[in-house]
Amino acid sequence: MNCIMGFSKLIAENLCSQEEIKEYAHLIRESGNSLLVLINDLLDISRIESGHLRINYSDFPIYQEIAETYTLLQVERKNENVKFLLSNDDILKDKTICSDKDRFRQIIINIVYNAFKFTESGYVKINATTTSPKQLRDEYEYPKDFILPKTQDLLIISIEDTGVGIPNDKLNVIFEPFRKLNTGNKSIHPGLGLGLNIVKNLVTHMGGQIWVTSEEGQGTTFYFYLPFQHEK
């Protein structure tokens with residue numbers, strides 16, 4: 001807010017050149033976007049804590065939704081040294097999922113934004129495919145206290161990066177509210193540390209589970225799965 005007020009005052013008082021006006025307008029817009037994210041995060045936390053979080057279920061084509069979300073995020077990539085990749089399994093082309101479309105997109109966006117923040121070079125990659133409870137048990141390194149569904153196939157998405165990684169002693173707390181990572185030269189970021197807590201609550205409310213694996217200095221991968229059909 002201080003940034004918005006300060007630069008707005010400079011522009012209003014004609015105290016800057018045309019080039020400076022362009023730069024300040026950009027900073028005002030970026031600060032406004034950050035402020036909007038903070039407000040929305042606080043509203044979501046309030047809904048979660050009060051038990052008023054609503055999940056609006058509908059059927060939508062999963063392959064298309066993932067592709068559109070990827071295209072949207074491609075515009076947000078600020079660092080040219082970081083490739084942004086998508087592996088959207090063709091098996092998903094004919095599949096629909098009964099879930100909350102807006103919240104589904106919000107989950108992916110929040111995790112990818114987080115990956116962008118902590119990745120200076122290399123890549124951020126979205127992987128989407130199907131799995132089964134048996135495959136989860138046999139092929140994925142998930143927390144052993146998870147209670148997996150017994151029968152139906154699942155959508156599983158991973159978002160991997162080659163960023164700074166997460167220390168082992170922080171892996172158990174990153175989904176808690178108001179937790180912010182302080183790693184390397186990326187110690188200060190805007191935000192309240194609510195994004196991952198909101199993501200976990202959304203995934204849980206939509207019938208799935210989320211977890212993370214990481215190696216400090218090597219990168220991080222977030223995984224989450226959702227059922228294709230909502231169990232009423």
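**An enclosed strand**

Seven of the eight residues of β5 are buried, so this strand is largely enclosed by the rest of the structure. Buried means under 20% relative accessible area, exposed over 50%, and partly exposed in between (1.4 Å probe, protein chains only). The model is predicted: local features need pLDDT of at least 70 and side-chain atom pairs count only at pLDDT 80 or more, while totals for chains, interfaces and linings use all residues. Residues are numbered from 1 along each chain as its sequence is written, and side-chain values use heavy atoms, with hydrogens and water left out.

**Overall make-up**

- The protein chain has six helices and seven strands; these are DSSP runs numbered from the N terminus, helices being H or I of at least four residues and strands E of at least two.
- Along the sequence, the elements follow the pattern α-α-β-α-β-β-α-β-α-β-α-β-β.
- Of the 232 residues in the protein chain, 41% are buried.
- Residues 24 or more positions apart account for 74% of the contacts with a separation of 6 or more in the protein chain, where contact means heavy atoms within 4.5 Å.

**Confidence**

- The protein chain has a mean pLDDT of 81, and 75% of its residues reach 70 or more; pLDDT is the predictor's confidence in each residue, from 0 to 100.
- Over residues 185–189 the pLDDT is below 50, and this stretch has 10 contacts in the model beyond near neighbours in sequence.

**The sheet**

- Five strands form an open sheet in the order β2-β4-β5-β7-β6, with mixed pairing; two strands pair if DSSP finds at least two bridges between them.
- Strands β2 (82–88) and β6 (209–215) stand at the edges with a single partner strand each, so one side of each is left without a neighbour in the sheet.
- From one strand to the next, the twist averages 15 degrees; axes are lines fitted to C-alpha atoms, for helices over the stretch in contact, and angles run from 0 to 180 degrees between N-to-C directions.
- Helix α3 (residues 62–76) packs on the sheet and touches β2, β4 (122–131) and β5, its direction making about 175 degrees with that of β2.
- Strand β5 (residues 154–161) runs antiparallel to β7 (residues 219–227), with eight bridges joining them.
- Eight bridges also join β4 to β5, and these two strands run antiparallel.
- In β7, I157 has F224 as its bridge partner, and L155 stands opposite L226.

**Residue I156**

- I156 lies in strand β5, and T129 stands opposite I156.
- At 3% relative accessibility, I156 counts as buried.
- I156 and Q209 are 53 residues apart in sequence, and their C-alpha atoms are 9.8 Å apart in space.

**Nonpolar cores**

- In the largest nonpolar core, of 41 residues, F104, I108, V112, I157 and F224 touch the most other members; such a core is a set of buried Ala, Val, Leu, Ile, Met, Phe, Trp, Tyr and Cys residues joined through side-chain atoms within 4.5 Å.
- Helix α4 gives the most to this core, with eight residues.
- Not counting residues up to four places away in sequence, V112 touches L73, F84, V124, I126 and I159.
- A second, separate core of nine residues includes Y142, F146, L148 and L154.
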